[in-house]
Amino acid sequence: GWFSLKSILPKRGSAFYINGVISGFSHGREPLQLLRFLRFAHGCYYTDWRGSFMTDAVRTLKEWTDAARKIVFFGGAGVSTESGIPDFRSTGGLYHQEWKYPPETILSHTFYKSNPEEFFRFYRAKMLCPDAKPNAAHKKLAEWEREGKLLAVVTQNIDGLHQAAGSKQVYELHGSVHRNYCEKCGKFYDLDHILHTTGVPRCDCGGVIKPDVVLYEEALNDRI
């Protein structure tokens with residue numbers, strides 16, 4: 001069932017929150033530093049572009065997480081780029097690719113309603129990555145949850161990779177590509193159905209099958 005995030009957020013002083021905006025991290029580098037740490041924590045040893053085994057920021061974060069008793073992870077697109085899923089704003093991201101309309105326009109409720117054919121063409125081409133697999137970050141978070149160290153993952157991603165890695169308590173703020181519902185009768189359809197249809201997917205009743213993802217102009221799920 002659905003639970004309010006307030007029900008899983010621990011009281012002040014008893015938890016450590018990882019959200020990519022942590023004191024001591026310079027702006028614009030937080031996701032990279034955090035991903036480096038999660039790789040390191042999962043046993044993926046490497047050096048950074050300066051040849052350092054572990055930066056001071058990553059070392060500090062490791063000390064914090066080692067000492068933390070309850071962690072809530074808040075993540076976004078940067079967590080899944082290592083799995084081959086493009087983000088929006090980085091080089092090579094969706095905002096830097098050529099389309100007839102800007103991605104933020106295509107992924108809006110207004111565009112979905114007015115131009116569903118173009119919406120689903122973009123959606124299938126750029127938002128669905130069925131072959132993507134969980135990376136070291138997803139796996140480490142799932143491991144922490146099994147150990148009782150992590151209370152929950154709060155994600156803006158819609159790819160389902162946290163669950164694929166084994167995480168159980170996942171709050172998907174923007175929905176999931178794995179859930180699709182007929183707008184007319186409410187019938188559920190999985191990701192595979194969307195992948196094997198063309199044009200605007202329709203239910204047996206004739207209704208349009210809408211992905212259960214939050215588009216621009218739409219509100220977040222208030223049950224979360």
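User: Y112 and F119 first: buried or exposed?
Analyst: Both Y112 and F119 are buried. Keep in mind that this is a predicted model.

User: How many aromatic pairs are there?
Analyst: The count comes to seven aromatic pairs. One of them is Y112 with F119, an edge-to-face pair with 5.1 Å centre to centre and 75 degrees between the planes.

User: And F120 with Y123, why is that pair edge-to-face?
Analyst: Their planes sit at 80 degrees, so the pair counts as edge-to-face, and the ring centres are 6.2 Å apart. The cut-off for that label is over 60 degrees.

User: What relative accessible area does F120 have?
Analyst: F120 comes out at 0%, so it is buried. Y123 is buried too, with 1%.

User: Which residues do the ring pairs link into a cluster?
Analyst: Y112, F119, F120 and Y123 are linked into a cluster by ring pairs.

User: What sits over the ring of Y112?
Analyst: That would be the charged end of K210, 5.5 Å from the ring centre.

User: Switching topic. Which strand is N180 in?
Analyst: N180 is part of strand β5, which covers residues 175–182.

User: Is N180 buried or exposed?
Analyst: Buried, with a relative accessible area of 0%. Its side chain reaches the backbone oxygen of V177 at 3.3 Å.

User: What does N180 touch, leaving out residues up to four places away in sequence?
Analyst: Quite a list: Y123, K187, F188, Y189, D190, L191, I194, I209, K210, P211 and D212.

User: OK, strands. Why is β3 largely enclosed by the rest of the structure?
Analyst: Because five of the six residues of β3 (residues 150–155) are buried.

User: How many bridges join β2 to β3?
Analyst: Five bridges join them, and β2 (residues 71–75) runs parallel to β3. As an example, V72 has A152 in β3 as its bridge partner.

User: And how many join β3 to β4?
Analyst: Three, with β3 and β4 (residues 170–172) running parallel. Here V153 has V170 in β4 as its bridge partner.

User: What about α7, why is that helix largely enclosed?
Analyst: Eight of the eleven residues of α7 (residues 136–146) are buried, so the rest of the structure largely encloses it. The buried ones include H138, K140, W144 and E145.

User: Which residue caps the N-terminal end of α7?
Analyst: N135 does, with a side-chain oxygen 2.8 Å from the backbone nitrogen of A137. After the helix comes G148, whose phi is positive, near 85 degrees.

User: Last one, confidence. What's the mean pLDDT of the protein chain?
Analyst: The mean is 80, and 71% of the residues reach 70 or more. Over residues 1–31, though, pLDDT is below 50, and that stretch has 58 contacts in the model beyond near neighbours in sequence.

User: Where else does pLDDT stay under 50?
Analyst: Over residues 44–51, where the model has 17 contacts beyond four places in sequence.

Terms used:
Residues numbered from 1 in each chain as written. Heavy atoms only, no water. Phe/Tyr/Trp six-rings, centres within 6.5 Å; stacked < 30°, edge-to-face > 60°. Buried < 20%, exposed > 50% of the residue type's maximum accessible area, 1.4 Å probe, protein only. Lys NZ or Arg CZ within 6 Å of the ring centre and 35° of its normal. Helix = DSSP H or I, 4+ residues; strand = E, 2+ residues; numbered from the N terminus. Polar contact = N/O pair within 3.5 Å; in protein donor to acceptor, adjacent residues only side chain to side chain. Contact = heavy atoms within 4.5 Å. pLDDT = per-residue confidence, 0-100. Pairing = 2+ DSSP bridges.
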